[in-house]
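Colleague: Before I use this model, can we go through what its labels rest on?

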Amino acid sequence: MPPEPSTPRPDAGLLDPLPTRLRRALRRAVLDHASAERRQVYPALLHLGHPGAREGVVPVAGIGDHSLRTDVVAAMLARHHRGTGPPPVAAPLVWLTRPGDLDLQDLDAAWLAAAWAAHAERGAPLTMVVVNRHGWRDPRSGTAQHWVRLRRR
């Protein structure tokens, strides 16, 4: 008897094929980051919200404690949901912009754990990626997208 197909777990991260709306939002996060950050070395930033729309940004340097990182993400989530304007259509994304390649680093894992804890406390689904100037990568599933030359459409 063949094994039953497994359904993706909600904690498994992003799996292809991605919905068009999400794929466009992630492309926008990369494009905005590539356009805004021209330095070779720059600080890592945590973003929460919707690329190109309402988002909160926090520099992550010096936040070395898991509890504090979780509190930062929880506060960003609360602020996002209290924001002005119409309520967002989709759940907010979390993305970490940093220099270097997109291979999993300790910083990515630390902020993934904090984002996961904060979202679990709120009962909200988590979509988190790591972004550099050339693409994005989901630290849980490894699903990624890279561009050689990313241009505005």
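Modeller: Contact means heavy atoms within 4.5 Å. This is a predicted model, where local features need pLDDT of at least 70 and side-chain atom pairs count only at pLDDT 80 or more, while totals for chains, interfaces and linings use all residues. Residues are numbered from 1 along each chain as its sequence is written, and side-chain values use heavy atoms, with hydrogens and water left out.

Colleague: What is the mean pLDDT of the protein chain?

Modeller: It is 90, and 88% of the residues reach 70 or more; pLDDT is the predictor's confidence in each residue, from 0 to 100. Residues 2-8 fall below 50, and that stretch has 1 contact in the model beyond near neighbours in sequence.

Colleague: Why is H33 called buried?

Modeller: Its relative accessibility is 9%, and buried means under 20% relative accessible area, with exposed over 50% and partly exposed in between (1.4 Å probe, protein chains only). So H33 counts as buried. H33 lies in helix α1, residues 20-36, and leaving aside neighbours within four places in sequence, H33 is in contact with Y42, T97, V131, N132 and R133.

Colleague: What makes R140 sit over the ring of W116?

Modeller: The rule wants NZ of Lys or CZ of Arg within 6 Å of the ring centre and within 35 degrees of the ring normal. The charged end of R140 is 5.8 Å from the centre of the W116 ring and sits over it.

Colleague: And which residues touch the most other members of the largest nonpolar core?

Modeller: L46, V73, V94, W111 and M128, out of 19 residues. α3 gives the most to this core, with 5 residues. Such a core is a set of buried Ala, Val, Leu, Ile, Met, Phe, Trp, Tyr and Cys residues joined through side-chain atoms within 4.5 Å.

Terms used
Helices (H or I, at least four residues) and strands (E, at least two) are DSSP runs, numbered from the N terminus.
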